[in-house]
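Colleague: Could you take me through this model, starting with the backbone and going on to the packing of helices and sheets? I will ask in turn, and I would like each reply to end on the value or name I asked for.

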Amino acid sequence: VIPSRKGLRTTPSIVAIDDNGRLLVGDDAKKQLLINPTNTIYGAKRFIGRHFYSQEVETLSRYFSYNVVPIGDMSVGAKIGNRTFSLPQVSAMILNELRKNVCDYFRKDVRSAVISVPAYYSENQRAAVLKAGEIAGLDVLRIINEPTAAALAYGLNKEYDKKVLVYDLGGGTFDASLLEVFENTFKVLSTGGDTFLGGVDFDERIVEFILAEYEKNEQEILQCDSVITQRLKDASERAKIELSSKQSARIELPYITLSMGKFKDFKTEITRSQLNAITQDLVTRTTNVCLEVLEAAKVQPHEVDNVIMVGGQTRMPLVVDQVTRIFKKPPTKGVHPDEVVACGAALMGHSLGTDTSVRLMDVLPMSIGARQPNGGFKKIFESNCGLPTEREVGIATTKDFQKAIEVLLYQGESNWCNENEFLGAFIISGFQSLPKGQVKLAVKLSLSHDSILEVAAKQYPSGKLMQVHMRAQTGELSGEEMAPRPVSSTRLGAPKPSESGAKTKSKSFSGLRSFIRRISNH
């Protein structure tokens, strides 16, 4: 919330290239969104860390004007002008813009950062955010969940003893987290979310309303190119904001199309009750997630002491009414929905450099498990399990004279791996080649406070330590990656030397970091 060089307390997460080929970031990029939408990247938060050929990316890409393209085997990229950027590169430009604002404000170079992410981000998405920080030249000390950051801003040094529900409905994603706050300890009891639900979906409903009104009044379908589509989205967002304080909003679209060789204007009106009707199901989806979060923690709505609202979309009266109805109390008004997460992340950063006693006890947002021979998903770590935690599983060879065992890891809640997200694989070797079933191994998987996954294996019953190394599922591997590492445990989130030879710090990053980084490179 440090003011930008233009005096703004928030910076739009938008990157663009103008007609002169100049790269624009933040507010300057947003200004050209209406007239140059195909060369403006927005909504990258929904794409980052996803696989290009996934169903999610195929669905999402239909809603954006710029070209979504593959980079390498599976990463998502964005093409504007004649340049293609990876999503971590796009995010790095935004992070660097924020860093410049900070440096100008303090008149000193700042390189350390705490970065917040949606609580329901997968391990791959968190790794991509970490990569963005590295590209921006930042030493990312911590990646913190947005609802946890909001709770920090709300409850730090307040001597509360409360159960708090953080309802985070921003522009691109929705999260809900239930926390217990006591004596500067912030314990996450359960978390849930929907990475395909945010303010842009509410805007899209108003766009559909405008198109239906145009067809009804003009007896023709409005033919939309990228510029017209963006004008509709802009008008929808402005109407939505106006309806937060008024009962009706006027939508005016001058020169929206050509008809009979002349430019045609279109005007219509939308009421708050109409907006409520066309978005009721979206709000219901958010409250259903809240109820699932409470159920996972075995907590009833009346047992929640406070509800903290985060994100600009929570200003919508229907959202406030629904939350009030479910929890039988209005949400807390003592926090700024647009700034509370940044303030919480700042408090976290402050605590890292001082003796401030702050304890964050988080949970795993989505289950992590292994692939079964039939393609089934066997959970190893259940969603909402407390961190740190560890599990031990027994495995055996399934073929005669087998020299290695490969375990594929996925994240999600489906019973089938192809419906979950692939995280990575580890290979165990170093045992004798014997007939199938005669080699038995005990594999220990540990998740730290910071969700860093470590894997160790030993032979049963001798206790001999095995070699564990990782490899990508697709793409060719370098000799270094293929070489097994004779260590007692393999830390899938361990730091990897940078190309310059400098060591990368790894204090509190989510698991599978270095491994996923290699996948991204492929």
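Colleague: Where does K328 lie, and is K328 buried or exposed?

Modeller: In this predicted model, K328 lies in the loop between helix 10 and helix 11 (340-352), and its place is just after helix 10. Its phi is positive, about 60°, although K328 is not a glycine. Because exposed means over 50% relative accessible area, K328, at 68% relative accessibility, counts as exposed.

Colleague: Which loop holds Q219, and what is the phi of Q219?

Modeller: Q219 lies in the loop between helix 7 and helix 8, and at 67% relative accessibility Q219 counts as exposed. Most residues other than glycine have a negative phi. Q219 has a positive value instead, with phi near 60°.

Colleague: At what angle do helix 7 and helix 8 pack, and how far apart are their axes?

Modeller: The contact is made by residues of helix 7 including G199, F202, I206 and L211, and by residues of helix 8 including L232, K233 and K240. By class, this contact has six nonpolar, two polar and five charged residues. Helix 7 is roughly perpendicular to helix 8 (residues 226-242), because the angle falls in the range of 65 to 115 degrees. The two helices pack at an angle of about 110°, and their axes are 8 Å apart.

Colleague: Why does helix 7 count as oblique to helix 9?

Modeller: The axes of helix 7 (residues 199-218) and helix 9 (residues 272-296) come within 10 Å and cross at roughly 140°, and the crossing is right-handed. Residues that meet here include F202, R205 and F209 in helix 7 and L275, I278 and L282 in helix 9, and the contact divides into seven nonpolar, two polar and three charged residues. Only an angle over 145 degrees would count as roughly antiparallel. The pair is therefore described as oblique.

Colleague: What is the strand order of the open sheet of five strands, and which are the edge strands?

Modeller: The order is 14-9-10-11-15, with mixed pairing, and the twist averages 25° from one strand to the next. Within this sheet, strand 10 (residues 174-182) and strand 11 (residues 185-194) run antiparallel and are joined by nine bridges, with D194 in strand 11 as the bridge partner of F174. Each edge strand pairs on one side only, and these are strand 14 (306-310) and strand 15 (359-361).

Colleague: Which residues of helix 10 are buried, and what covers them?

Modeller: Helix 10 (residues 317-327) lies across strand 9 (161-169) and strand 14, running at about 160° to strand 14. The buried residues are P317, L318, V319, Q322, V323, I326 and F327. What covers them includes strand 9, helix 9 and strand 14.

Colleague: How far apart in space are R5 and K100?

Modeller: R5 is placed in the segment before strand 1 (15-17), and the residues R5 touches include E97, K100, N101 and D104. Although R5 and K100 are 95 residues apart in sequence, their C-alpha to C-alpha separation in space is 9.0 Å.

Note on methods: Residues numbered from 1 in each chain as written. Predicted model: local features only at pLDDT ≥ 70, side-chain atom pairs only at ≥ 80, totals over all residues. Heavy atoms only, no water. Axes fitted to C-alpha atoms, helices over the stretch in contact; angles between N-to-C directions. Helix = DSSP H or I, 4+ residues; strand = E, 2+ residues; numbered from the N terminus. Parallel < 35°, antiparallel > 145°, perpendicular 65-115°, else oblique. Left-handed = near helix turned anticlockwise from the far one by under 90°. Contact = heavy atoms within 4.5 Å. Nonpolar A, V, L, I, M, F, W, Y, C, P; charged D, E, K, R; others polar. Pairing = 2+ DSSP bridges. Buried < 20%, exposed > 50% of the residue type's maximum accessible area, 1.4 Å probe, protein only. Lists of a residue's contacts leave out its neighbours within four places in sequence.
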